[in-house]
Amino acid sequence: MSSQTEEFTIGVEEEYQIINPVTRELSSRVEHVLPKAQKALGEEVQPEAQRSQIEIGTPICRTLADVRSELVRLRREVIAAAAKDGNQIAAAGTHPFSHWDEQQITPKERYQSLMRDYQQLTRELVIFGCHVHVGISDRSVAIQVMNRARVWLSPLLALSASSPFWLGTDTGYASYRTEIWSRWPLSGPPLIFESVAEYEALVQALVETKSVAEATKIYWDVRLSERFPTIEFRVTDICQTVDEAVMVAGLVRALARTCYEQAMRDEPFPAVRHELIRAAIWRAARYGLDEDLIDVVAMKAVRARDLVESFLTFLRPSLEEYGDWDEVSSLVYETMQQGNGATRQREVYKRTGRLEDVVDLIVRETAKGVA
């Protein structure tokens, strides 16, 4: 099978916060916002675990231009629907100060079952991510892509990190969402799998041992989708701006294709220890782009900028083939220069001392380029 037989389509899912514009707190109004949004978007917009969340999913996209236009359309309609209910929409990995204890679980069986199974972990699951699907129809090849892509998860997270605040406190993390999520038993980076049969045997064992109800509740940072013929990357915070979301989608698609082509050539890949990849992801969550990150292949700490540039170098042939190099590399360098979402939130708080102003920043950036 050659890369010409795969389309490497892109699908993006974003989880948004519903915001009370007066208090800037989370607003449990999804039952009121969702019908208004679905009038324009149909099934492309859905509820999420908390009633203060709302999720969109793009149609299948074949270019980054498609991704951008769909995200602009979807954000615009969700923002408009929220406004009709007197609310705002914000895209960030955590809310700066709203308390999990004041949120309500969505009355939908999938989320109620999470509550029954995971209890307090579900109550505290007030976090917001971005998931990117890349079309790869052959699951056996997708496993080989996953084996290779896992070593590059940390720079993706560092670039997207947008959750420094939790319950009114600066956590010291760029992505505290990652730390909240890491407590779940089947989260984090995947192990290496020798074959799709080994992968499916593990999934079956987890289901038969009642560790999970079904395969869609395995939440690794990169996994095979059970609903679509895709590989799904789940490591990133939701990005505050459309530009950043397009950047992440472009990087993920290029990563999937680069790893696919390596697998087609049967190139060896670094069998990096699971513990080192977890440490690299933790460090990206802790520091974002502000301190050294971990080059897991070289097994050493390196400047964040150097790791990101190595990532771009790895992806450049694929990005150039798609005609995406100029746009994606420019967005990456812009993010490194101006800071990721976490850095920009902290700059506002340092300047004003008000977390309400941080929420206002997130709301503005969520709508940037959308109107």
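Guide: The crossing of H1 and H2 is right-handed. This is a predicted model. H1 covers residues 30–41 and H2 covers residues 64–84. Their axes come within 8 Å and cross at roughly 140 degrees.

Now the contact itself. H1 contributes Val33, Lys36, Ala37, Ala40 and Leu41. They meet Arg73, Leu74, Glu77, Val78, Ala81, Ala82 and Lys84 in H2. By class, the residues of this contact are 8 nonpolar, no polar and 4 charged.

Turn next to aspartate 324. This residue sits in the loop between helix H11 (304–322) and helix H12 (325–338). Its relative accessible area is 7%, so aspartate 324 is buried; the cut-off is under 20%. The side chain of aspartate 324 makes a polar contact with the side chain of arginine 253, at 3.2 Å. Leaving out residues up to four places away in sequence, aspartate 324 touches Leu64, Arg253 and Leu319.

Last, serine 160. Serine 160 belongs to helix H6, residues 153–160. Serine 160 is buried too, with a relative accessibility of 3%. With residues up to four places away in sequence again left out, serine 160 touches Thr236, Asp237, Ile238, Cys239 and Val248. Consider also alanine 284, which is 124 residues from serine 160 along the chain. The C-alpha atoms of the two are separated by 9.9 Å.

How values were computed: Residues are numbered from 1 along each chain as its sequence is written. This is a predicted model: local features need pLDDT of at least 70, side-chain atom pairs count only at pLDDT 80 or more; totals for chains, interfaces and linings use all residues. Side-chain values use heavy atoms; hydrogens and water are left out. Axes are lines fitted to C-alpha atoms, for helices over the stretch in contact, and angles run from 0 to 180 degrees between N-to-C directions. Helices (H or I, at least four residues) and strands (E, at least two) are DSSP runs, numbered from the N terminus. A crossing is left-handed if the near helix is turned anticlockwise from the far one by less than a right angle, and right-handed if clockwise. Contact means heavy atoms within 4.5 Å. Ala, Val, Leu, Ile, Met, Phe, Trp, Tyr, Cys and Pro count as nonpolar, Asp, Glu, Lys and Arg as charged, and the others, Gly among them, as polar. Buried means under 20% relative accessible area, exposed over 50%, partly exposed in between (1.4 Å probe, protein chains only). A polar contact is a pair of N or O atoms within 3.5 Å; within protein, one must be able to donate a hydrogen and the other to accept it, and residues adjacent in sequence count only if both atoms are side-chain atoms.
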